[in-house]
Amino acid sequence: MLTPPVAHTDALARFGHALSDTTRTQILLHLRTAPGYPAELAEHIGVSRQILSNHLACLRGCGLVVAVPEGRRARYELADPRIGHALADLLGLVLAVDPACCPDARTEDCC
């Protein structure tokens, strides 16, 4: 069996690092449905703007989100629409493998 290129393992490790934190996962799941502004994301998730800013910086560093300037504000969105599809597939897989992880595995927003 061939060893995967380092770039592939690094990319998956960055994705795993992003998902290893609940706040970052909530941000990604929210951005999967629509772009968002930091203040609105912070309120929706229930964290301070500073905490959200730190997590957005991490997600930008992982290459998963981008900031789109809009005047004095920035709108955040997934860097590629395929990230949203990958999150949906991964969530579906996790729920299929371990439905006990979520009390109501019939909805995507439960975890």
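The exercises below work through confidence, a helix contact and a strand pairing in a predicted model.

Residues are numbered from 1 along each chain as its sequence is written, and side-chain values use heavy atoms, without hydrogens and water. Local features need pLDDT of at least 70 and side-chain atom pairs count only at pLDDT 80 or more, whereas totals for chains, interfaces and linings use all residues.

**Exercise 1.** Find which elements have the lowest and the highest mean pLDDT.

Solution. Begin with the protein, whose mean pLDDT (the predictor's confidence in each residue, from 0 to 100) is 88, with 89% of its residues at 70 or more. Finally, the pLDDT is below 50 over residues 105-111, a stretch with 14 contacts (heavy atoms within 4.5 Å) beyond near neighbours in sequence. Where pLDDT is low, the predicted coordinates should not be read in detail.

**Exercise 2.** Identify the residues through which α2 meets α4.

Solution. From helix α2, take T23, R24, I27 and L28; from helix α4, take L52, H55, L56, C58 and L59, which they meet.

**Exercise 3.** Describe how β1 and β2 pair.

Solution. Strand β1 (residues 65-70) pairs with β2 in the antiparallel sense over 6 bridges, where pairing requires at least two DSSP bridges. Within this arrangement V66 stands opposite E77 in β2. The two strands form a hairpin with 2 residues between them, and G71 in the turn has a positive phi of about 65°.

Methods:
Helix = DSSP H or I, 4+ residues; strand = E, 2+ residues; numbered from the N terminus.
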